[in-house]
Amino acid sequence: MSQTLSQMRLGLFIQAAGHHFSGWRYPGAQSGSENFKLIRQLTEAAERACLDMVFFGDKLVTTAQEHPSMIVRFEPLTLLGALASVTERIGLAATASTTYGEPYSVARQFGTLDHISEGRVAWNVVTTGYDSAENFTRATHPDHAQRYAVAEEFVDVVRGLWDSFEDGAYVRDAKTGVYLDAQKMHRLDHKGEYFDIAGPLNLTRSPQGHPVLIQAGSSGPGMGLAARVAEVVFTAQQDLAGAQQFYADLKRQVVAHGRDPQHCLVMPGIMPIIGATQADAQARFEQLQQWTDLDAALLLVSDRLGQDLSGFDLDQPLPDLPLPQNMRSRAKLLLDISHRDGLTLRQICYLAGGARGHKMVIGTPAQVADEMIAWFEGEAADGFNLMPSHFPEGLQLFIDGVLPILRQRGLFRERYEGRTLRDHLGLPRPAHRFAAAH
Ligand SMILES: Cc1cc2nc3c(=O)[nH]c(=O)nc-3n(C[C@H](O)[C@H](O)[C@H](O)COP(=O)(O)O)c2cc1C
């Protein structure tokens, strides 16, 4: 059993042209990261299925060679605002960068969204693996260590700003004329190494106290930040043993911070390719793979490894390459697989073109459910971030085929019990930083 939970958590990672590089070409696939109708439909389907949340990633630079789902995309917080007003229960999560953002703005945006959604929002804290300096009037992209040092302080400032008002600060007593209890309003007066921020934030505490914090870096400093502050951890893991090791390492670090391991949920990405039979699922996968453009996949792998690989022999395993400054844990994962399993660069390209290094399960609904259960019960995952190869069919096959099996086994909810994302995930509402003073 997961170290902590009796039921798994499930999020839907939405990239509207599909997660597989060629998902948009699958018969019947709809596509488009700017297709709000489709994004809304997927979110509503996920809500009917009682998933914990939908998630939108973000990137701040683009090229024509990107993954088809990533060439263009909506600004994710604006998107969450739109989705908040057409949904009632499902959690809404999005990425915002600590390298290219301002803590005051990030605190205000997510705080506002948490109010609008009545407590359903999560912030995926990323340091931004990609050099985005050219779009932000910066001379350079900070190195890995610096990005994480900034991120640590950034998150603390945001959490402090979210506590600008204590709960119940707004008295609104028409009889006495007391609108605000000013004693319950606090400046932050933060003076740190990277940020100098007075506060207070011009927003009361949101329904969840703080929006849920997600972290998605799996390098040493990434895990360090996650263990200290994250309530959900997204990660790419390929095999059960590696995922178990990551899970155990992270939970150990969470406990070392004096935190309850139940309050830091590990949710690896998973791409299910579902068919009526194993052969049918395999045929579906092969159909997707045969469309993968090797040149485009080579660019994707070059990007992940931080090195132009076009001169390398496609039929040899990857040489020992130094880990890059960007996307460090994903680079390590691809290099490790190539070295451990003797995969050639060509095979790595097809693997990365499939699920970008995330786990893929190809099989019947029962086989997919069994694999998920093995990870959940084997202390490798508290739940999963679902990454359908294409939409909407890839999601519907999961909902119709796999969810009923998980439910039969008592491993996934039949209906929402609470209202907020914290309720769904079983996370406590954080105490106000001055709560102990009263
Ligand atoms: C499920 C998942 C979602 C992610 N989403 C984003 C994202 O939206 N934007 C981003 O810049 N990085 C994203 N990342 C990448 C990491 O946040 C991180 O930037 C990258 O892996 C480099 O950090 P690391 O060196 O600590 O691994 C995501 C990673 C995972 C596993």
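User: Before we start, what counts as buried, exposed or partly exposed here?
Analyst: Buried means under 20% relative accessible area, exposed means over 50%, and partly exposed is in between, using a 1.4 Å probe and protein chains only. This is a predicted model, where local features need pLDDT of at least 70, side-chain atom pairs count only at pLDDT 80 or more, and totals for chains, interfaces and linings use all residues. Residues are numbered from 1 along each chain as its sequence is written, and side-chain values use heavy atoms, with hydrogens and water left out.

User: OK, how much of the protein is buried?
Analyst: 55% of its 438 residues.

User: Which residues touch the most other members of the largest nonpolar core?
Analyst: L10, L51, W123, M372 and L406, in a core of 88 residues. A nonpolar core here is a set of buried Ala, Val, Leu, Ile, Met, Phe, Trp, Tyr and Cys residues joined through side-chain atoms within 4.5 Å.

User: What does L51 contact?
Analyst: Skipping neighbours within four places in sequence, its partners include L10, I90, L403, F412 and Y416. Contact means heavy atoms within 4.5 Å.

User: And which residues are in the second core?
Analyst: That separate core has 21 residues, among them F21, A297, L298 and L321.

User: Switching to R409: what does R409 touch?
Analyst: D370, I373 and E377, not counting residues up to four places away in sequence. R409 is partly exposed, because its relative accessibility is 46%.

User: How far is R409 from W24?
Analyst: Their C-alpha atoms are separated by 33 Å, and the two residues are 385 apart along the chain.

User: Last one, what does the C-alpha trace span?
Analyst: About 75 × 50 × 40 Å along the principal axes.
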